[in-house]
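Colleague: I have a model open and would like to go through it with you. Can we start with how far to trust it, then move on to the layout?

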Amino acid sequence: MDESAHQNIVRLALWAGQLMLQHGADTELVETTTHRLCTALGADWADIAISANNIVISSVSQKKFLTKVRRVVDRGINLKVVCDVVGLTEMVERGVADTYMVEKRLRLLSDKPRKYNRWLVTFVVALSCACFCYLFGGGLQECAVTFTASLVGMVVRQSFAKHHINPLINFAVTAFVSTSVASLGVLFEWGEHPRIAMAATVLMLVPGLPSINAVSDAVEGHISVALARWTFATMLIMATGAGIMLAMTLTGVWSWI
């Protein structure tokens, strides 16, 4: 293998790892998949180092070392992209895909990642929050308030995300809007337990995947990345709390019980 071919292999593997990190994969999966892709394309070996904002690959081919680094920028959770990269790696290992196809697929995933319809996501999230309200003991009116508040909150959240506004600001504003709308149920006494709607509405802002990835990384020994992810998840929770507190202060509706 000549030097240019080796550089191309490392570039593609680095690109694949970057995409997985940007869309919510845990560190162990990224390391394993990137190593498999690099060696399946022809490199003798590959060592991968991942930090909170970067991924580094040091590859060996015919006793020649090559090291490259890429910056990782969060692009939101999209596990379909992660699954597609893993599937592409398996295709290379089976000899079905070559470097040309890998670059073509990675380009497609970067430029036009497949996503669920925005309004479908909004509706389903609002419906799930309403279901939580029902499980907490809410009636039909409380569930309707929860659904409406979550629906409005999700519209705000997705609009902010579309314009790449800081996630902390996004979570704080979404929590403020959702809590404000849900507090109307308390002010106008809709239902027997209208405060339940205020608690159920903001469940859509629980940073589930970042927290799970933080625990997974810590258990698998990636302590630095785990700390970074846990810190970010904690900051999202604090931003959500700030939005809720502000809404409660303005509406005068305190307590969820």
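Modeller: Among the elements of the chain, helix α8 (residues 195-201) has the lowest mean pLDDT, 87, and helix α2 (residues 27-40) has the highest, 93. Keep in mind that this is a predicted model.

Colleague: What does the chain average for pLDDT?

Modeller: The average is 89, and 98% of the residues score at least 70. Where pLDDT is low, the predicted coordinates should not be read in detail.

Colleague: Now the layout. How many helices and strands does the chain have?

Modeller: There are ten helices and three strands. Reading from the N terminus, the order is α-α-β-β-β-α-α-α-α-α-α-α-α.

Colleague: What box do the C-alpha atoms fill?

Modeller: Along the principal axes, the box is roughly 75 × 30 × 30 Å.

Colleague: In what order do the strands sit in the sheet?

Modeller: The order is β1-β2-β3, in an open sheet with antiparallel pairing. β1 (45-50) and β3 each have a single partner strand, so they stand at the edges and one side of each has no neighbour in the sheet. From one strand to the next, the twist averages 15°.

Colleague: How many bridges join β1 to β2?

Modeller: Six bridges join that antiparallel pair.

Colleague: What happens in the hairpin of β2 and β3?

Modeller: Two residues lie between the strands, and Q62 takes a positive phi near 50°.

Colleague: Which strands does α1 lie across?

Modeller: α1 lies across β1, β2 and β3, and runs at about 30° to β3. α2 lies across β1 and β2, at about 155° to β1.

Colleague: Moving to helix against helix. At what angle do α1 and α4 pack?

Modeller: Helix α1 (residues 3-22) and helix α4 (residues 99-111) pack at about 30°, and their axes are 10 Å apart. Angles under 35 degrees count as roughly parallel, so α1 is roughly parallel to α4. Their crossing is left-handed.

Colleague: Which residues make that contact?

Modeller: From α1 they are N8, R11, L12, W15, A16 and L19. From α4 they are T99, V102, E103, L106, R107, L109 and S110. By class, the contact of α1 with α4 has seven nonpolar, three polar and three charged residues.

Colleague: What about α6 and α7, how far apart are their axes?

Modeller: The axes of helix α6 (residues 140-162) and helix α7 (residues 167-187) are 8 Å apart, and the packing angle is about 160°. The cut-off for roughly antiparallel is over 145, and α6 and α7 are therefore roughly antiparallel to each other. α6 passes α7 in a right-handed crossing.

Colleague: Which residues meet there?

Modeller: In α6 they are V145, A149, V152, G153, V156, R157, F160 and A161. In α7 they are I169, N170, F171, V173, T174, V177, S178, V181, A182 and G185. The contact of α6 with α7 has twelve nonpolar, five polar and one charged residues.

How values were computed. Residues numbered from 1 in each chain as written. Predicted model: local features only at pLDDT ≥ 70, side-chain atom pairs only at ≥ 80, totals over all residues. Heavy atoms only, no water. pLDDT = per-residue confidence, 0-100. Helix = DSSP H or I, 4+ residues; strand = E, 2+ residues; numbered from the N terminus. Pairing = 2+ DSSP bridges. Axes fitted to C-alpha atoms, helices over the stretch in contact; angles between N-to-C directions. Parallel < 35°, antiparallel > 145°, perpendicular 65-115°, else oblique. Left-handed = near helix turned anticlockwise from the far one by under 90°. Contact = heavy atoms within 4.5 Å. Nonpolar A, V, L, I, M, F, W, Y, C, P; charged D, E, K, R; others polar.
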